[in-house]
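This report covers salt bridges and helix packing. Please look at the structure first.

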Amino acid sequence: MQCSWKAVILLALASIAIQYTAIRTLTSKPFQLCPLPNPHNCGLGGQETEPPFERGAAGCDDYPYFSLNTTRKIHILVLATTRSGSSFVGQLLNQHQEVFYLFEPLYHVQTTLIPRLSHSRNAADRRVMLGASRDLLRSLYGCDLYFLESYIKPTPTNHTTDKLFRRGASRALCQQPVCDAFGPADVNVEEGDCVKKCATLNMTLAMEACREKRHVAIKIVRVPEIGDLRALVEDPRLNIKVIQLVRDPRGILSSRIETFRDTYRLWRIWRATGRRPYNLDLSQLTIVCEDFLSSVSTGLSHPYWLKGKYMLVRYEDLARNPLLKTKEIYDYLGLLMDKNVEDWIHANTRGSNEPSAKHKFGTVRDSAANAESWRLKLSFDMVEYTQTVCQNVLHQLGYKAVKSVEELKNMSVSLVQEKTFVPFL
């Protein structure tokens, strides 16, 4: 049976009317970005599931600070490797009164899922770690700290725990409403005092403290390359700005030898005897340089997805000119550097004879003198080997090679070239 031409016209007009009504309905409401995932709507194994749109299921109405009608939070990610000065950079952000700071939350992911991953190149291990890490970071930037409980061991009871890694490194977790042991006037609470006096951490109160702050900053050393974070950086809900911190690999090696004495025992034997042990794990050095080269090459090539979201900072530049470099970092982030930050810099970059200054994760030291102190600690053959293995990244980042013991120990001549790394804006 064939339809008449009149019926066809009527059907077409009805279809147009329905589409017009739908468009008017959708555009009559303000557009909102949907929320970050939480443990109830996101997988832990790297599956990046879409958040629900229904009301009452952690929908947009439950996350007003993701609406386009409000001022968006700036989410700050410090990407670094161990012993590169990342604790110092993290504290530069932690001192700002409007920043909620978390110190290395991915520690819990690694220790729970793949404890051996710090030196693993297994592709499957890496995918599991990165997938879980991205899921967790998404949730933390949405102030959903309950998601973190899945990785804390033992599992928190009634959302309380005393096992959060380096809880005392976050000012917000040592202040009211999270902790009543210190008052508003206690702006420089020592990490040890926080851990002793604040007792267990109430994750619900910590979430409230996070939501009261205008910005969230997280420092990580367990993601190898900036490319591993692309899915987060491109997520329009997050507004992430990345600070990639780098340091001379020779300085990183020297610091790790001093700090992780058991793990780097064979390196200390090489330094003491002048003989490289046959079973030395050279990947402890080569992986640093491979990851640096890959990550820095990506960042400095200015891919479109990093536009306005990437700044490379050399630790040595920050150590020599902490106030100036910190001002540049804050300018890149679009934040005003308040007096707390300046006061902390003055107190923590001029050296100290206090025992706390010698803590392996401490920040109180003569920063300028510390930047190249590795030259007095490493043997020349170790430096020469490092320069061979890391030649490309040393050149790209502006670190000079030395050709003799005399040149290595001549501290009057810096091995850090004057080189400007402009934020990709």
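## Salt bridges

Arg320 and Asp317 lie three residues apart in helix α11 (residues 315–320), so about one helical turn separates them. They form a salt bridge, with the closest N and O atoms 3.1 Å apart. Arg320 is partly exposed at 30% relative accessible area. Asp317 is buried at 10%. Elsewhere, shared partners join Arg126, Glu225 and Asp228 into one salt-bridge network. The model is predicted, and a search of the whole structure finds 15 salt bridges.

Asp235 meets Arg138 at 3.2 Å, N to O. Asp235 is buried, with a relative accessible area of 6%. Arg138 is buried too, at 6%.

Arg230 bridges to Glu234, with the closest N and O atoms 3.2 Å apart. Arg230 is partly exposed at 31% relative accessibility, and Glu234 is partly exposed at 37%.

## Helix α9 and its cover

Helix α9 (residues 265–273) buries Leu266, Trp267 and Trp270. Seen down the axis, these residues fall within an arc of 105°, so they line one face of the helix. Their cover includes α8 (249–259), α10 (283–300) and α15 (380–389). Gly274 follows α9, with a positive phi near 80°.

## Helices α2 and α13

The axes of α2 (residues 86–94) and α13 (residues 339–348) come within 9 Å and cross at roughly 150°. Phe88, Gln91 and Leu92 of α2 meet Val341, Trp344, Ile345 and Asn348 of α13. Five of the contact residues are nonpolar, two are polar and none is charged.

How values were computed: Residues are numbered from 1 along each chain as its sequence is written. This is a predicted model: local features need pLDDT of at least 70, side-chain atom pairs count only at pLDDT 80 or more; totals for chains, interfaces and linings use all residues. Side-chain values use heavy atoms; hydrogens and water are left out. Axes are lines fitted to C-alpha atoms, for helices over the stretch in contact, and angles run from 0 to 180 degrees between N-to-C directions. Helices (H or I, at least four residues) and strands (E, at least two) are DSSP runs, numbered from the N terminus. Contact means heavy atoms within 4.5 Å. Ala, Val, Leu, Ile, Met, Phe, Trp, Tyr, Cys and Pro count as nonpolar, Asp, Glu, Lys and Arg as charged, and the others, Gly among them, as polar. Buried means under 20% relative accessible area, exposed over 50%, partly exposed in between (1.4 Å probe, protein chains only). The arc is that of the directions from the helix axis to the C-beta atoms. A salt bridge is a side-chain nitrogen of Lys or Arg within 4 Å of a carboxyl oxygen of Asp or Glu.
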